[in-house]
Amino acid sequence: MRVLVTGAKGQLGHDVVHLFENAGHLVLPCDRDSLDITDDAMCLERVQQFKPDAIIHCAAYTAVDQAETDVDAAYAVNAVGTRNMVLAAERVKAKFCYISTDYVFDGTAESPYQEYDNTNPLSVYGKSKRAGETLVQSLSSAFFIVRTSWVFGLHGQNFVKTMLKLGQEKPLLNVVNDQKGSPTYTVDLAAFLLELIQTEKYGIYHASNTWECTWFEFAQAIFEEASSVFGQGYSVRVEPCTTEDFPRPAPRPRNSVMDHLSIRTNGFQDIRPWREALKAFLIDLKANQER
């Protein structure tokens with residue numbers, strides 16, 4: 001397949017490009033320097049030149065707190081930019097895969113969110129990503145919307161890397177214990193996208209590593225697994241705190257656990273548990289540092 005990837009230098013995009021190329025697909029990686037998705041003419045020109053069979057749209061405005069005051073920029077990228085890429089995809093009859101987020105939900109549900117539950121985003125970031133979903137659903141004739149959460153990978157900044165750094169610098173870390181979700185290793189998500197994009201099982205998917213935890217529980221696991229993988233103990237103490245203890249400009253969903261209903265009902269194998277993925281990531285991180 002010929003596959004165009006936006007946001008190719010991002011955390012997920014980097015692994016998507018690598019995995020798809022290794023699988024033998026012809027990939028055109030695009031980043032903000034080579035493709036301004038807010039420019040509709042440029043989107044159309046680039047897509048018509050390459051004529052992809054599928055577009056994996058990883059590019060997004062993801063500065064969650066900054067979006068609260070930078071509203072126009074968030075919508076320009078997440079809504080208008082997505083519309084531009086969808087229309088270009090339609091022109092060459094390409095499948096369109098839009099990467100979305102758990103932030104389209106308000107987090108008030110008692111149970112995990114399923115794909116066709118009502119959305120109710122609280123933040124500008126969540127609202128702009130939901131706007132992107134709406135445009136994909138209304139304009140694309142062959143789409144996958146893949147919502148993911150708590151992403152971590154080798155390329156770029158994320159919670160795991162932040163914890164490892166702080167764990168070496170501070171004796172005590174307070175970590176929020178009243179927000180729960182499912183961490184997602186970019187390698188595992190990219191592998192699911194590789195399988196998904198080769199089908200015509202269109203629709204909305206929730207794709208994260210399975211099982212759930214709070215940020216506090218995630219932090220505890222990071223230090224436990226890192227001590228094993230790196231062969232060194234972390235003396236840092238991790239204490240639970242509340243969301244109110246660390247007020248942020250953008251509201252976060254308290255419950256962003258997502259049920260993988262579409263993965264099951266469409267016959268895909270579910271993604272491995274997050275703790276296994278965390279250990280695999282740390283092993284990869286160690287190998288990367290030793291190169």
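Trainee: What makes β2-β1-β3-β4-β5-β10 an open sheet in that order?

Mentor: In this predicted model, 6 strands form the sheet, and the pairing is parallel. Two strands pair if DSSP finds at least two bridges between them. Strands are DSSP runs of E, at least two residues, and helices are runs of H or I, at least four, numbered from the N terminus. The edge strands, β2 (26-29) and β10 (203-206), each pair on one side only.

Trainee: Why do β1 and β3 count as paired?

Mentor: The cut-off is at least two bridges. Strand β1 (residues 2-6) has 4 bridges to β3 (residues 54-57), so they pair. Thr6 stands opposite His57 in β3.

Trainee: What makes you say that helix α6 touches the sheet?

Mentor: Contact means heavy atoms within 4.5 Å. Helix α6 (residues 186-196) touches β3, β4, β5 and β10.

Trainee: How do you know that α3 has close to its expected span?

Mentor: The expected span is 1.5 Å times one less than the number of residues. Helix α3 (residues 71-91) has 21 residues, so 30 Å is expected. From first C-alpha to last, α3 reaches 29 Å.

Trainee: What is meant by a bend in α3?

Mentor: A bend is the angle between axes fitted to the seven residues ending at a residue and the seven starting there. At Gly81 that angle is about 30°.

Trainee: Which rules apply to the numbering and the model?

Mentor: Residues are numbered from 1 along each chain as its sequence is written, and side-chain values use heavy atoms, without hydrogens and water. Local features need pLDDT of at least 70, side-chain atom pairs count only at pLDDT 80 or more, and totals for chains, interfaces and linings use all residues.

Conventions: Axes are lines fitted to C-alpha atoms, for helices over the stretch in contact, and angles run from 0 to 180 degrees between N-to-C directions.
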